[in-house]
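Please walk through this protein fold with the sequence and the coordinates side by side.

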Amino acid sequence: MADPSITALFSIELAQPDQVAVLCAIERKAVQMFRGHAAWPAYADMPIPAELLHQAIARGLVWVALSVAGESLGFVWLDAAVSDEAGSHAIGIAEIDVLPDHGQRGIGAALLEHACDWARAAGYHRVDLGTLADVPWNAPFYAKHGFVTVDKNTPAFAFARQRDRENGFPDQLRVFMSRSLRTPARGDWTAWPAPAKLNLFLRITGRRPDGYHELQTVFRLLDWGDEIRLRVRDDGEIRRMHDVPGVPEPSDLAVRAAQLLRRHAGVATGADIDVNKRVPMGGGLGGGSSDAATVLVALNWLWHLDLDADTLAELGRQLGADVPVFVRGRSAWAEGIGEQLTPLPLPRRTYVVLDPRESVPTAALFQASELTRNAPRATISSFASGETTENAFAPVVRARHPWVAAALDWLGGFGQARLSGSGGCVFLEVKSFERAVSIAGQCPAAFTAHVASGVDISPLQQALARHQSRTE
């Protein structure tokens with residue numbers, strides 16, 4: 001571990017999208033240290049792709065070391081591509097760089113340990129990397145931190161080696177190393193994703209006798225969202241570690257989910273809950289519902305309750321109509337009040353999600369006299385053909401919320417902009433990540449833009465599989 005007296009000179013924080021250019025510049029300065037080495041031509045011609053770094057930052061996989069004055073000194077970037085591609089429970093280090101003028105100060109060691117600590121909390125079994133054996137700040141440095149050289153001909157490294165070949169990196173110069181991560185002990189922090197969602201369309205087809213509206217929608221889960229950190233307590237207390245502005249603890253869905261699960265299971269176990277909020281509240285992206293679902297799924301495992309998905313989904317329905325889709329963890333066609341779910345594979349797409357910073361109260365929209373409540377029923381085929389894309393709330397939100405209307409108009413300049421859920425966030429579907437990043441980079445200062453990719457299987461389900469496999 002890094003010396004605390006050294007790390008007091010800098011802090012390690014999650015990187016933000018507006019730091020991409022700075023981090024790319026750090027990498028270009030750090031790579032100058034390889035001048036004269038046989039790998040130099042490949043390094044010189046292989047700057048890190050800004051779009052991929054942007055995507056990793058959006059997923060919470062990049063951390064930056066900041067000086068007391070706020071200067072970026074170095075960064076570490078974890079790469080889940082190998083895990084995603086091969087179903088592995090390993091995560092790779094895509095990049096770790098420190099400004100040459102700040103070398104030998106423990107910054108690289110602190111960044112490396114921070115990344116490994118997060119990977120262990122997130123359920124990964126090991127951390128992999130490719131490096132150079134004959135450079136002191138490469139393989140010898142990693143060896144001091146528990147990494148061992150492994151056979152690069154094993155299937156686990158086929159994906160990484162293929163990328164090396166595509167980038168022109170000489171295979172004979174590369175060695176691969178791995179560090180095994182211990183299983184989190186009871187009482188350790190664990191990290192769990194709480195992904196956001198989009199409603200690719202939303203139609204209201206009727207109203208039930210109990211006052212609820214009959215809906216049809218498609219939930220598209222994203223690879224971006226909140227992160228929930230959980231720690232088991234043996235004293236039975238459910239504690240929220242940090243305040244959430246505008247959300248008193250008794251009404252926090254994450255806290256309520258833990259309390260509901262504990263009552264249902266009749267256990268005396270407790271938990272500390274720490275939510276890293278990235279999803280805007282009141283944005284129609286399901287942030288609170290996803291947080292609740294993650295708490296239900298994760299604590300069911302951490303508390304060894306063994307409740308099935310149907311039970312967890314029913315508990316989630318008691319907290320909110322959107323919670324079950326996050327519990328089940330599949331993009332889906334939904335009907336009823338949103339709880340009747342049919343998994344729906346969707347083509348790979350990337351989305352620009354725009355937050356107009358104007359919260360939209362859902363209850364007021366449902367009560368709006370101008371809301372269309374008797375639309376004809378849609379079909380999956382009409383959605384798949386592109387015929388069904390409307391959101392029943394959009395006309396009401398446009399009329400009542402000028403900033404949301406402005407966001408729809410601006411984003412609509414690039415294609416078909418749509419409202420998600422009951423708003424106020426809006427989104428645009430594009431076919432390439434590069435195009436999405438380009439559009440997001442032009443976002444007016446009045447709004448906040450996020451770039452995210454759609455997934456059929458939730459990151460939460462992937463995390464659960466990693467954690468579960470540690471005990472098999």
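The paragraphs below cover strands, then single residues, cysteines and open space.

This is a predicted model: local features need pLDDT of at least 70, side-chain atom pairs count only at pLDDT 80 or more, and totals for chains, interfaces and linings use all residues. Residues are numbered from 1 along each chain as its sequence is written, and side-chain values use heavy atoms, with hydrogens and water left out.

Begin with the open sheet. Seven strands make it up, in the order S1-S2-S3-S4-S5-S7-S6, and the pairing is mixed. Strands here are DSSP runs of E with at least two residues, helices are runs of H or I with at least four, and both are numbered from the N terminus. Two strands pair if DSSP finds at least two bridges between them. Strand S1 (10–14) and strand S6 (148–150) are the edges, each pairing on one side only. On average, neighbouring strands of this sheet are turned by 30° against each other, direction ignored. That angle is taken between axes, which are lines fitted to C-alpha atoms (for helices over the stretch in contact); angles run from 0 to 180 degrees between N-to-C directions. Within the sheet, look at strand S4 (residues 90–98) and strand S5 (residues 126–132). They pair in the parallel sense over three bridges. Ala90 stands opposite Arg126 in S5.

Now move to S11. Strands of a sheet pair through backbone hydrogen bonds, either parallel or antiparallel. S9 and S11 run antiparallel and are joined by seven bridges. Val232 has Ala271 in S11 as its bridge partner. Strand S10 (residues 238–240) and S11 run parallel, with three bridges between them. There, Arg239 stands opposite Asp272 in S11. How enclosed is strand S11? Six of the seven residues of strand S11 (residues 270–276) are buried, so the strand is largely enclosed by the rest of the structure. Buried means under 20% relative accessible area, exposed means over 50%, and partly exposed lies in between (1.4 Å probe, protein chains only).

S9 also pairs with S12. Three bridges link them in the antiparallel sense, and Val218 has Trp333 in S12 as its bridge partner. In a regular strand the side chains alternate between the two faces of the sheet. In strand S12 (residues 332–335), Ala332 and Ala334 point one way, Trp333 and Glu335 point the other way, and all are buried. S12 then pairs with strand S13 (residues 340–343), antiparallel, over four bridges. Ala334 meets Leu341 of S13 as its bridge partner. The hairpin of S12 and S13 has four residues between the strands, and Gly336 there takes a positive phi near 70°.

Two single residues come next. Thr217 lies in strand S9. Its relative accessible area is 3%, so Thr217 is buried. Thr217 and Glu390 are 173 residues apart in sequence, yet 9.8 Å apart in space, C-alpha to C-alpha. Phe159 sits in helix H8 (residues 158–166). Phe159 counts as partly exposed because its relative accessibility is 27%.

What of the cysteines? A disulfide is a pair of cysteine sulfur atoms within 2.5 Å. By this rule the count is zero disulfides. Cys24 is in none, and the nearest cysteine sulfur, that of Cys443, is 20 Å away. Cys24 counts as buried, at 15% relative accessibility. Cys116 is also buried, at 2%.

A cavity is a set of points on a 1 Å grid over the protein atoms alone where a 1.4 Å probe fits but cannot get out; a pocket is an open set with protein on both sides within 12 Å along at least five of seven lines, and lining residues have an atom within 4 Å of a point. The structure holds one cavity of 30 Å³ or more. The largest cavity has about 320 Å³ of space. It is lined by 23 residues, with Arg59, Trp118, Pro193, Asp223 and Pro459 closest to its centre. S9 gives the largest share of this lining, six residues.

The second largest pocket has about 1100 Å³ of space. Its lining counts 46 residues, of which Gly286, Ser289, Asp322, Thr362 and Ser422 lie nearest its centre. Among the elements that give two or more residues to this lining are strand S9 (213–233) and helix H10 (287–302).

Definitions and conventions: Points joined across faces, edges and corners; volume = space filled by probe spheres on them.
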